[in-house]
Amino acid sequence: MAQSERKRRRAGSYREVRPGVWEVRASKGRRADGGRRTVSRTVEGSELDAEIEAARLVAELGGAANLGESLTLEQFYWGIFRKSDSNRGKPRSAATLRQYDSQMVRNVLPAIGHIPLSKLTHGDIKAAVLASTAPAITKRTLRAVLLSAYDDELMDERPFRRRITTPQRRKPQRAPWTAQEAVAALGAMRGRPLEAYLILGLSGLRMEESLGISPADIVPQATYDLVTGTEVRTLTLVVRRKYTDADGLVDEAKNDVSVRERPAIVAGRDRLLAIVAATRPDPGDPAAVDAWRRSRLVPLRGDTLYKRWKAELAALGLRFIPPDMLRHTSETLMQAAGLPDTVTSRFHGHAELKTDYGNYMRPGAATMEDAARKVHRLLSGEDPSGA
């Protein structure tokens, strides 16, 4: 089969040398003899794969003048953005990329993927967002992609400087468990397969943290009480790993603040220690001990956990809340106990307080009634504290 004609783009050039195999080239600068320095690469796949590789090669060489004029959004997304690091300077996780891919493939690229980056207008972006089946999520995804292109100097105007108001589809909020419901769950779950997960969740761990914790990360410790001057026994949960279905077990937490040591909920400590003891191997077997340290206390996939959790609550007659709402329950209970917001936030591994205020800190009916009664006492000329 004859070789196809070389197709030239500002973002490099490419040609099909045999079915499904492409030769990609890009140039930069000039040699001492006046010629251009050219780099070539072979790639297998479709013509889009060749276009993407050409764009990536140009980017690796340091770009070219007005690259954004020929580099389309689709080429940038697949060829450059997905290979680049996140704002934290680390590769994006498989779970994050799966979310991005879903929105880009379903809602963005079919509408505006063919448009060169420098030609994208606010109207193009707005139309793609508003036509999406999930406008708010699409806007968040597209913002991340286009701001990355802007940072790479592929767009002259900073995207999303003008507002795009997305329709809000309000759904009734599911309330976390009350203190009474949490106590009932701790009693009903005793000795059952998901007991360890329940205790970890009510201790303030994220779902991904509870699924990633090792039996060796549950450590009995002694601490010193500055008020009473006595030694206090505690059970510390060392959060240093996470597990998601997309990425598997990863030796890092969600962020720097999430790497933490926090006490387990008091009502579940003895039971958690018993569960850990049942998994402990013979200390004389180094290989078994090493495997135990690397194992997961709750060795389930996230989707499997969800199904089992829902069935378990139904069987026990407990009100359903998603398994990741145990942490929400923990935050709400701490707020009801009168703990400072800063302590509650750090305890649960939040990097900033607005996360708590926006998503978790929702006082229950009892707390609201107490507030109403204190206001009543104040209006009646009494001490609001009831003293």
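Start by selecting Arg296 and Tyr243: Arg296 lies over the face of the Tyr243 ring, 3.8 Å from the ring centre. A charge is taken to sit over a ring if NZ of Lys or CZ of Arg is within 6 Å of the ring centre and within 35 degrees of the ring normal. This is a predicted model, in which local features need pLDDT of at least 70 and side-chain atom pairs count only at pLDDT 80 or more, while totals for chains, interfaces and linings use all residues. Residues are numbered from 1 along each chain as its sequence is written, and side-chain values use heavy atoms, with hydrogens and water left out.

Next, select Lys310 and Phe320. The charged end of Lys310 sits over the ring of Phe320, at 5.8 Å from its centre.

Now turn to the aromatic pairs, of which the structure holds eight. Rings of Phe, Tyr and Trp (its six-membered ring) pair if their centres lie within 6.5 Å; planes under 30 degrees apart count as stacked, over 60 as edge-to-face and the rest as tilted. Select Tyr77 and Phe81: this pair is stacked, because the ring centres are 5.7 Å apart and the planes are at 20 degrees. Tyr77 is buried, with a relative accessible area of 0%, and Phe81 is also buried, at 0%. Buried means under 20% relative accessible area, exposed over 50% and partly exposed in between (1.4 Å probe, protein chains only).

Phe81 lies in the loop between helix H2 (73-79) and helix H3 (94-112), and Tyr100 in H3, so the pair ties together parts that are 19 residues apart in sequence. Helices (H or I, at least four residues) and strands (E, at least two) are DSSP runs, numbered from the N terminus. Tyr100 is buried, as is Phe81. To see the cluster, show Phe76, Tyr77, Trp78, Phe81 and Tyr100, which are linked by ring pairs.

Which residues does Ser148 contact, leaving aside its neighbours within four places in sequence? They are Phe76, Phe81 and Ser84, where contact means heavy atoms within 4.5 Å. Ser148 counts as buried because its relative accessibility is 14%.

Finish in the loop between H5 and helix H6 (179-188), where Glu153 is found. Phi of Glu153 is near 65 degrees, a positive value in a residue other than glycine. Glu153 counts as exposed, at 71% relative accessibility. Phe160 is in the loop between H5 and H6, and its phi is near 65 degrees, again positive in a non-glycine residue. Is Phe160 buried or exposed? Phe160 is buried, with a relative accessible area of 14%.
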